Amino acid sequence: MSKLNLRAAFSQINLNTSQKKFLRNSAIALVGWFFLADAVPIHNFFTDILTQSSQKTIQFLSEKSPFTMPVIQFNGKLQTHLWDDRGHIMISFMCNGWDLYYLCIAFIAVFPGYTLKRKLIFSAIGFIALFGSNVLRIVGLFYIHKIRPEWFDLFHHTIFQGWVYIVMFIIWIIYLRQKKEILPKE
């Protein structure tokens, strides 16, 4: 049995400049993720901002909505409780979608052949779309728990998560359209 020779295997793969840049940038984004996920002060900083922004947005919606919205109780930076006379859910700081924001923006950033302006615009669009989707997901989960509590787990772990991933995928598809090819310098 012969040894696996990775160098020989990789030398057989012919990649163009754009593909090499994509792989390099993806590796950098992956290492960046490991750093940000484990660097507690940085992770906590962004998590706190996202959690507080979600709390404030839900509170704003509950004050402005003509429909019966939940009463919001904050338990510091870590938890938000939505409740009324028929239902209660707790929103943990882990529900803020930090991983999805990073994934969406990193995917946009690693693709070569796009201008920095386009990357920044679509990163902002992706962030706003995911934030809005997450807030709607949280409010939707409250109402599902209130009306059909037996459906809560299905919507929380499957349907709404799939919905947020679909939103992110649509952002990526729109971003990748109308690419202007940048020919490598010869």
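**Note on aromatic contacts and helix packing**

1. Phe 22, Phe 107, Phe 111 and Trp 172 are joined into a cluster by ring pairs (rings of Phe, Tyr and Trp, the last by its six-membered ring, pair if their centres lie within 6.5 Å). The model is predicted: local features need pLDDT of at least 70, side-chain atom pairs count only at pLDDT 80 or more, and totals for chains, interfaces and linings use all residues. Residues are numbered from 1 along each chain as its sequence is written, and side-chain values use heavy atoms, with hydrogens and water left out.

2. Across the whole structure, a search finds ten aromatic pairs. Tyr 114 and Tyr 175 form a tilted pair, with 4.6 Å centre to centre and 35 degrees between the planes (planes under 30 degrees apart count as stacked, over 60 as edge-to-face and the rest as tilted). Because Tyr 114 lies in the loop between α4 (98-110) and α5 whereas Tyr 175 lies in helix α6, the pair ties together parts that are 61 residues apart in sequence. Both Tyr 114 and Tyr 175 are buried (under 20% relative accessible area, 1.4 Å probe, protein chains only).

3. Helix α5 (residues 116-147) packs against helix α6 (residues 152-176) at an angle of about 160 degrees, their axes 10 Å apart. The two helices are therefore roughly antiparallel (angles over 145 degrees). The residues of this contact comprise 17 nonpolar, five polar and three charged.

4. Arg 148 lies over the face of Trp 151, at 5.0 Å from the ring centre (the criterion is CZ of Arg within 6 Å of the ring centre and within 35 degrees of the ring normal).

Notes. Axes are lines fitted to C-alpha atoms, for helices over the stretch in contact, and angles run from 0 to 180 degrees between N-to-C directions. Helices (H or I, at least four residues) and strands (E, at least two) are DSSP runs, numbered from the N terminus. Angles under 35 degrees count as roughly parallel, over 145 as roughly antiparallel, 65 to 115 as roughly perpendicular and the rest as oblique. Ala, Val, Leu, Ile, Met, Phe, Trp, Tyr, Cys and Pro count as nonpolar, Asp, Glu, Lys and Arg as charged, and the others, Gly among them, as polar. Buried means under 20% relative accessible area, exposed over 50%, partly exposed in between (1.4 Å probe, protein chains only).
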